[in-house]
Amino acid sequence: MEKVKLAIIYYSSTGTNYQMAKWAEEGAKQAGAEVKLVKVAELAPEAAIEANPAWKAHHDAAKDVPEVTLDDLEWADAYIFSTPTRFGNLPAQMKQFLDTTGGLWFNGKLINKVVSGMSSANNPHGGQEATVKALYTTMMHWGAIIAAPGYTDPVTFSSGGNPYGTSVTVDQEGNMQEDVEEAVKHQAKRTVTVASWVKEGQQK
């Protein structure tokens, strides 16, 4: 069987979810997947970005990361989304991209894609779980197969205990308050494994 094709799709203003996406890329490659790491387009005005040094620094550092296209969704067997929370929901940048997928959805191109989500916020109860579950609502409309990490490995407990998708708390200086690297890698490997089962089953 050919390799699982995985698209890791992220939005990050100051770099947290970019780092999580990079860890997911590493874990997925260790699991044997072919990986594309892509970002959703930035919608914020340049003035807002310029006014926040951390945002500006990350915006410049990630300028060469390609932006996600609908072709990436069609290409991939599986997706991992990494996104900060905005009032317990998806940020506008991620939502705007998801709202462009109607044509693929209508033509059944997103059915049985395997998907998993990750999130971040500035405090431990800042909406991480709600954000991942909001993402999964869209995935259920697609007919995708959700591969949440659950409690499938002890690393989930040591990294904050979120069974819906690895999440992290980030302080005002941008420091992650939980050690989530191994949890992210486990989630990526699990996503690839589930996608391999689905891909093999569809080929029979």
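Tutor: Start with charges and rings. A charge sits over a ring if NZ of Lys or CZ of Arg is within 6 Å of the ring centre and within 35 degrees of the ring normal.

Student: Which residue lies over the face of Trp-75?

Tutor: Lys-36 does, at 4.5 Å from the ring centre.

Student: And what kind of model is this?

Tutor: It is a predicted model, where local features need pLDDT of at least 70, side-chain atom pairs count only at pLDDT 80 or more, and totals for chains, interfaces and linings use all residues. Residues are numbered from 1 along each chain as its sequence is written, and side-chain values use heavy atoms, with hydrogens and water left out.

Student: What does UniProt place at residues 6-192?

Tutor: The unreviewed entry gives "domain: Flavodoxin-like" there. UniProt positions follow the numbering used here, feature names are shortened, and annotations may be inferred rather than shown by experiment.

Student: How much helix and strand is in residues 6-192?

Tutor: That stretch is 42% helix and 17% strand. Its end C-alpha atoms are 7 Å apart. Helices (H or I, at least four residues) and strands (E, at least two) are DSSP runs, numbered from the N terminus.

Student: Back to rings. How many aromatic pairs does a search of the whole structure find?

Tutor: It finds 4. Rings of Phe, Tyr and Trp (its six-membered ring) pair if their centres lie within 6.5 Å; planes under 30 degrees apart count as stacked, over 60 as edge-to-face and the rest as tilted. Tyr-10 and Tyr-18 form a tilted pair, 5.4 Å centre to centre with 50 degrees between the planes.

Student: Is Tyr-10 buried or exposed?

Tutor: Tyr-10 is buried, at 1% relative accessibility. Tyr-18 is partly exposed at 24%. Buried means under 20% relative accessible area, exposed over 50%, partly exposed in between (1.4 Å probe, protein chains only).

Student: Why is the pair of Tyr-151 and Phe-157 stacked?

Tutor: Because their planes are at 20 degrees, with the ring centres 4.9 Å apart. Tyr-151 is partly exposed at 47%, and Phe-157 is exposed at 57%.

Student: Which residues do ring pairs link into a cluster?

Tutor: Tyr-79, Phe-81 and Trp-142.

Student: New topic. Why does the span of helix H1 agree with what it should be?

Tutor: H1 has 15 residues (16-30), so at 1.5 Å a residue it should span 21 Å; its end C-alpha atoms are 22 Å apart, which agrees. The expected span is 1.5 Å times one less than the number of residues.

Student: What do its buried residues pack against?

Tutor: Strands E1 (5-10), E2 (34-39), E3 (78-84), E4 (114-121) and E6 (167-169), plus helix H9 (181-203). Among the buried residues of H1 are Met-20, Trp-23 and Gly-27. Just after H1, Gly-32 takes a positive phi of about 95 degrees.

Student: How many bridges join E1 to E2?

Tutor: There are 6, and the two strands run parallel. Strands pair if DSSP finds at least two bridges between them. Ile-8 stands opposite Leu-37 in E2. In E1, 5 of the 6 residues are buried.

Student: Where is His-186 found?

Tutor: In helix H9. His-186 is buried, at 18% relative accessible area. Leaving aside neighbours within four places in sequence, His-186 is in contact with Thr-152, Asp-153 and Val-155. Contact means heavy atoms within 4.5 Å.
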